[in-house]
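Visitor: I am new to this structure and would like to learn how to read it. Could you walk me through it step by step?

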Amino acid sequence: MKQSQLFTKTRREPPSDEVAKNAQLLIRAGYIHKEMAGVYAYLPLGLRVLNNVSRIIREEMNAIGGIEIQMTALQDKEKWVKSNRWDDAVVDVWFKTALKNDAQLGLGFTHDEALIDILKNYIASYKDLPRYIYQIQTKFRNELRSKSGIMRGREFLMKDLYSFTRTQQELDAFYEKVQRAYHNVFRRCGIGDSTYLTFSSGGTFSQFSHEFQTISDAGEDVIYVDQAKKIAVNKDVLNDEVLKGLGLTRSNLVEKKAIEVGNIFRQGTRFTDALGVYYADEKGERQSLYMGGYGIGVSRVVGTIVEVLADDKGLVWPKEVAPFAVHLIAIAGKSGEKVSAAADNLYADLEKAGVEVLYDDRDVSAGGKLADADLIGIPTRIVISEKTLEKDSVEVKERASGETKMVALSVAIDHFA
RNA sequence: CGGAGAGUAGUAUAAUGGUAGUAUACUUGCUUUGGGAGCAAGAAGUCCGAGUUCGAUUCUCGGCUCUCCGACCA
């Protein structure tokens with residue numbers, strides 16, 4: 001894509017109404033637009049990143065047997081009354097609205113009840129189990145105070161997976177599988193090294209649930225990390241009994257601030273029983289259905305990647321989530337036409353070879369282009385200029401490491417394709 | 001929800017009870033091209049409502065919005 005056709009622009013100054021590093025950089029680099037507090041639009045570059053994170057999640061969910069659907073944002077009050085989650089005193093993050101006939105509706109903050117209601121029609125027998133169903137969808141939460149840029153929004157993209165199994169044992173086995181899949185997701189998103197499986201409160205469902213917490217000062221949670229064992233305990237549940245149960249000792253734990261990028265928990269039969277969904281076993285007897293819920297905040301992952309990897313020059317994207325693989329920059333100089341002709345050719349060849357390339361074809365000074373490239377954070381930068389053409393080469397620089405090398409024009413395509 | 005602060009061109013800021021300034025971005029022209037280039041010209045602004053006043057962007061009140069601290073985060 002030609003950069004002159006991106007309608008967004010970079011900015012030199014961070015906006016005055018953002019403090020969070022993720023929002024400041026994403027706005028300065030033209031990835032997102034703040035619509036209102038906690039509500040952000042994704043512009044061309046931002047959408048490509050968001051879609052890449054979604055794609056990684058899809059691949060990992062499909063690999064463990066997940067089946068994708070898409071539910072609705074509008075939610076029928078009745079189902080939530082049945083599970084006792086309609087009342088504002090119970091769930092205070094609802095956005096509520098109504099039909100013209102005054103029937104009450106909510107905007108989904110999660111979709112457990114909605115999915116169970118769908119499944120009433122499709123799960124009747126042990127032959128219909130197990131089922132692992134997920135979606136990637138916008139969630140709405142009426143936070144009293146949204147903060148931290150795109151990391152705690154009122155409208156945000158989330159992947160929610162739900163498992164339905166016959167027994168607690170089957171639930172436990174799938175729960176383990178999801179843990180491994182989640183580790184894959186975060187590794188591929190470039191935050192694997194700083195993301196820890198974290199023991200957390202199970203609420204009303206079970207003794208523990210697990211969170212995936214990424215170490216960052218931008219985080220709102222406090223966790224205690226055992227770095228050797230690669231696990232952590234949320235401050236909320238830290239006590240001697242818990243530590244003993246997990247085989248951890250206090251002296252090995254380090255206190256860290258962290259961002260909750262995912263969580264997994266076993267709901268058991270609470271919601272399925274409440275909404276009256278059962279299955280018939282081999283003897284035809286009615287049995288309770290075991291449920292698990294597994295979330296990843298997709299947009300929050302994007303924010304977390306920024307918080308963890310960005311440097312003082314701007315964004316730094318790992319290869320799998322970057323909006324483009326290559327940023328091609330032409331620096332015109334005195335022999336401007338010759339340089340831009342060579343750059344045009346290289347751009348066309350890269351596109352033909354299937355390389356995702358952003359071509360800075362703008363009439364902007366060299367310094368401006370280079371600074372913008374750093375800010376936008378595409379993993380590999382190719383500069384083509386009078387200087388490089390003298391050697392029939394291009395300069396290739398890795399954004400993350402700063403490593404630079406010259407690559408001959410004649411082999412440049414093979415190098416990147 | 002409790003507390004605190006702030007709303008001025010697209011963005012970031014200054015000033016003012018009486019013609020609102022600067023930078024940047026934008027438009028045009030010329031020059032320039034390896035780390036946010038230069039000159040010239042141009043276009044562009046006081047959140048909304050009420051009150052006080054001859055006159056309000058400025059003062060007062062209300063609203064809306066934004067930010068921060070706390071609480072909240074099923």
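Guide: Gladly. Let us begin with a term: a residue is near a strand if its C-beta atom, placed from the backbone, lies within 6 Å of that strand. Please keep in mind that this is a predicted model.

Visitor: Which helix gives the most to the surface near RNA strand B?

Guide: That is H10, with eight residues. Helix H10 covers residues 366-376, and strand E19 (380-385) and helix H11 (386-390) also supply at least two residues each.

Visitor: Which residues come nearest to RNA strand B?

Guide: Of the 41 residues around the RNA, these are Asp17, Ala37, Ala366, Gly367 and Ser385. By residue type, the surface near RNA strand B divides into 15 nonpolar, 11 polar and 15 charged residues.

Visitor: Let us step back to the whole chain. How many helices and strands are there in chain A?

Guide: Chain A has 12 helices and 21 strands. Its C-alpha trace spans about 80 × 60 × 45 Å along the principal axes. Of the 417 residues, 41% are buried.

Visitor: Into which domains is chain A divided?

Guide: Domain 1 runs over 3-309 and domain 2 over 326-416. Their centres, taken over C-alpha atoms, are separated by 39 Å. Six residues of domain 1 are in contact with eight residues of domain 2. On the domain 1 side, those residues divide into two nonpolar, three polar and one charged.

Visitor: Now for a single helix. How should I read one?

Guide: Start with the general idea: an α-helix has 3.6 residues a turn, so residues three or four places apart point the same way. Helix H9 (residues 336-352) is our case, with 17 residues. From its first C-alpha to its last, H9 reaches 24 Å, close to the 24 Å expected at 1.5 Å a residue.

Visitor: Which residues of H9 are buried?

Guide: They are Val339, Ala342, Ala343, Leu346, Tyr347 and Leu350. Because these residues cover an arc of only 140° around the axis, they sit on the same side of H9. On the other side, Glu337, Ala341, Asn345, Ala348 and Lys352 are exposed.

Visitor: What covers the buried residues of H9?

Guide: The cover includes strand E17 (326-331), strand E18 (357-360), E19, H11 and helix H12 (409-416). After H9 comes Gly354, which has a positive phi, near 85°.

Visitor: How does helix H4 compare with that pattern?

Guide: H4 (residues 112-119) has six of its eight residues buried, so it is largely enclosed by the rest of the structure. The buried residues are Asp112, Glu113, Ala114, Leu115, Ile116 and Leu119.

Visitor: Could we finish with one residue? Is Tyr162 buried or exposed?

Guide: Count its surroundings: a residue is buried if 20 or more other C-beta atoms lie within 10 Å of its own. Tyr162 has 23 such atoms, so it is buried. Tyr162 is found in strand E8 (residues 155-165).

Visitor: What is Tyr162 in contact with, leaving aside its neighbours within four places in sequence?

Guide: Its contacts are Asp112, Leu115, Ile133, Met291, Gly292 and Gly293. Asp112 and Leu115 are among the buried residues of H4.

How values were computed: Residues numbered from 1 in each chain as written. Chains lettered and ligands numbered in written order. Predicted model: local features only at pLDDT ≥ 70, side-chain atom pairs only at ≥ 80, totals over all residues. Domains from an automatic or database assignment. Contact = placed C-beta atoms within 7 Å. Nonpolar A, V, L, I, M, F, W, Y, C, P; charged D, E, K, R; others polar. Helix = DSSP H or I, 4+ residues; strand = E, 2+ residues; numbered from the N terminus. Expected span 1.5 Å × (residues − 1). Buried ≥ 20, exposed ≤ 12 C-beta atoms within 10 Å, placed from the backbone. Arc of directions from axis to C-beta.
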